[in-house]
Amino acid sequence: MDKNGTMRVGIIGAGWIAEKAAITLNGMTDCEAYAIGSRSLEKAEAFARKWNMPKAYGSYAEVINDPAVDIIYVATPHSHHYDVTRHALLEGKPCLVEKAFMANYRQAKDIIDLAYERKVFIAEAIWTRYQPCVGIVRQLIAEGIIGTPRLITATLAYPMMKKERIFRPDLCGGALLDVGVYALNFVRMFTDAPVATLDGHCVKSDKGMDLTNTMTMVLEDGIVANLQSSAMCVGDNTGVIAGSEANIVIDNINNPQTITVYKRDRVLVDQISVPQQITGYEYQFSACRQALIDGLLEPREMPHQETLYVMQLMDDLRAKWGVRYPMD
């Protein structure tokens, strides 16, 4: 970090997620959008001009090797996470890797093992895990407002038919790694009970990628979770935690803004708005900065074991569906 304690972020990949990160970092005081790396120098320079970034590089390696970069934000497609992240770790650079963390559990375990071996910080950038909503909902459950949790439902769906990568196995396409991962994490954020049984179904593209899917889990604590995700439609994107006395409704599992508690017969108990945000990404950058200051190898908000657990669930679902990537 610089002398003022500002964490300088090197972004790898110049797509729309990278743009959202740049917008976020430009609105923060203790983190900086410092460098952008693309396979095209022209694209990197245009990105840097647009978002007022000091450095632009025409290769990923140059960002990783810049000594002023404190952390690498990996914003490439899922299929490229492994190689980019491994390179960064071997150079001793901390990483914040976009969700889904890797293409599969094997890659995820290999990368996390390497990070521990090299004593380098690494985190999965699944932004909802870092947001204030998590603590608010956990507190409501702990206070017993909804009684005993029994059922969790969640949907996340966006029409992404124009995104070529969604249909390509070589880019780890499909809905699961792109949006289904949020539904699975929605469950894991509010209960750490192991999954006793896992089932699901999907509709696949002609190249074998899951385009719309359902996931059902029975947890060892007796909770049933029914989840859906799709890259082909406009979903309501809500999540519900239903208890024996009341339920909690989260308006958007991808970026929660409102948390509402209802008793039986839809009697309103409480409605809570989350704090005003830049984009919602700021929490993951702040968490990484604090973890680096504290000398941690993982963020408190998204432990490595949780990343690995969700990656294994997605591997198990893909095995049931017959959805495969070249790197499996």
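Me: Two strands pair if DSSP finds at least two bridges between them. What makes strand E1 and E4 a pair, then?

Reply: First, a word on what you're looking at: this is a predicted model, where local features need pLDDT of at least 70, side-chain atom pairs count only at pLDDT 80 or more, and totals for chains, interfaces and linings use all residues. Residues are numbered from 1 along each chain as its sequence is written, and side-chain values use heavy atoms, with hydrogens and water left out. Now, strand E1 (residues 7–12) and E4 share four bridges in the parallel sense, and the rule asks for at least two, so they pair. For instance, Val74 in E4 is the bridge partner of Ile12.

Me: What makes E3 and strand E6 edge strands?

Reply: The sheet is open, with six parallel strands in the order E3-E2-E1-E4-E5-E6. E3 and E6 (122–125) each have a single partner strand, so one side of each has no neighbour in the sheet. From one strand to the next, the twist averages 25°; angles run from 0 to 180 degrees between N-to-C directions, and axes are lines fitted to C-alpha atoms, for helices over the stretch in contact.

Me: Which way do the side chains of strand E4 point, and are they buried or exposed?

Reply: In a regular strand, side chains alternate between the two faces of the sheet. In E4, Ile71 and Tyr73 point one way, Ile72 and Val74 point the other way, and all are buried.

Me: Why is Thr307 called buried?

Reply: Buried means under 20% relative accessible area, exposed means over 50%, and partly exposed is in between (1.4 Å probe, protein chains only). Thr307 has a relative accessible area of 2%, so it counts as buried. This residue is found in helix H9. Leaving out residues up to four places away in sequence, Thr307 touches Phe101, Ile112, Glu124 and Met302, where contact means heavy atoms within 4.5 Å.

Me: Why are helices H5 and H9 called roughly antiparallel?

Reply: Angles under 35 degrees count as roughly parallel, over 145 as roughly antiparallel, 65 to 115 as roughly perpendicular, and the rest as oblique. The axes of helix H5 (residues 105–118) and H9 cross at roughly 165° and come within 9 Å. That angle makes H5 roughly antiparallel to H9. Residues that meet include Ile112 and Tyr116 in H5 and Thr307 and Leu308 in H9.

Me: How do you know that the buried residues of helix H2 sit on the same side?

Reply: Ala44, Phe47 and Ala48 are buried in helix H2 (residues 41–50). They cover an arc of only 100° around the axis, which puts them on the same side of H2; the arc is that of the directions from the helix axis to the C-beta atoms. Over on the other side of H2, Glu42, Arg49 and Lys50 are exposed.
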